[in-house]
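Please read it alongside the sequence and the coordinates.

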Amino acid sequence: MIDNGKRYQKKRKEDPKPLGNYIQWHIEQNKIKKLSVSRYLDITPNSLNKYFKQTSFQFIILWRISQAVKHNFLMELGEQLGIAYETKAEKALKAQLQEKEEYIKDIESQLKVYRGIHKVTE
């Protein structure tokens, strides 16, 4: 017997919490006016309230909501995924940190030589 149900809709324990509830919580916690969000999205306030009941969103909707409330839900959700990802900014910072650490080692080496010379001349 073939299961014609929508298997992709079956809940899994590792699935995220309903996205609509989370977005509503974020908006309320940050005292963002729902009317301004609905205007930014060019939808009615009633439609925005319907979003809050949804478990998932189309990518473009989540993108626009992120812009409306000036919060990067995409990255936040990505962090919850638990799969490591390094942004371009993080890579640049790591490279800069490595460069600074090498510079410090060089300066410490020079300081050690200087202290050695200073002890000899005393």
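What percentage of the 122 residues in the protein chain do buried residues make up? Buried residues account for 16% of the 122 residues, where buried means under 20% relative accessible area, exposed over 50% and partly exposed in between, with a 1.4 Å probe and protein chains only. The model is predicted, so local features need pLDDT of at least 70 and side-chain atom pairs count only at pLDDT 80 or more, while totals for chains, interfaces and linings use all residues. Residues are numbered from 1 along each chain as its sequence is written, and side-chain values use heavy atoms, with hydrogens and water left out.

**Overall fold**

- The protein chain has six helices and zero strands, in which helices (H or I, at least four residues) and strands (E, at least two) are DSSP runs numbered from the N terminus.
- Along the sequence the pattern reads α-α-α-α-α-α.
- The radius of gyration of the protein chain is 26 Å, whereas a compact globule of 122 residues would have one near 14 Å; the radius is taken over C-alpha atoms, and the globule rule is 2.2 Å times the number of residues to the power 0.38.
- Along the principal axes, the C-alpha atoms fill a box of roughly 85 × 50 × 20 Å.
- Of the contacts (heavy atoms within 4.5 Å) between residues at least 6 apart in sequence, 52% join residues at least 24 apart.

**Helix α4 and its surroundings**

- Helix α4 spans residues 59-69, and its buried residues are Ile61, Leu62, Ile65, Ser66, Ala68 and Val69.
- Seen down the axis of α4, these buried residues fall within an arc of 160°, so they line one face of the helix; the arc is that of the directions from the helix axis to the C-beta atoms.
- The cover over the buried residues of α4 includes α1 (19-29), α2 (34-41), α3 (45-51) and α5 (73-81).

**Ser38 in α2**

- Ser38 is located in helix α2 and is buried, with a relative accessible area of 1%.
- Leaving aside residues up to four places away in sequence, Ser38 touches Ile43, Thr44, Pro45 and Leu48.

**Positive phi in loops**

- Most residues other than glycine have a negative phi.
- Asp42, in the loop between α2 and α3, has a positive phi near 60° and counts as exposed at 71% relative accessibility.
- Lys70, in the loop between α4 and α5, is not a glycine but has a positive phi of about 55°; Lys70 is exposed, with a relative accessible area of 74%.

**Pockets**

- A pocket is an open set of points on a 1 Å grid over the protein atoms alone, where a 1.4 Å probe fits, with protein on both sides within 12 Å along at least five of seven lines; lining residues have an atom within 4 Å of a point.
- The largest pocket has a volume of about 460 Å³, a volume being the space filled by probe spheres set on the points, which are joined across faces, edges and corners.
- Of the 19 residues lining the largest pocket, Asp15, Pro16, Lys17, Thr55 and Ser56 are the closest to its centre.
- The elements giving two or more residues to the lining of the largest pocket are α4 and α5.
- This lining divides into nine nonpolar, four polar and six charged residues, with Ala, Val, Leu, Ile, Met, Phe, Trp, Tyr, Cys and Pro counted as nonpolar, Asp, Glu, Lys and Arg as charged, and the others, Gly among them, as polar.
- The second largest pocket has a volume of about 240 Å³, and α5 supplies the largest share of its lining, five residues.
- Residues lining the second largest pocket include Leu74, Met75, Tyr85 and Glu90.
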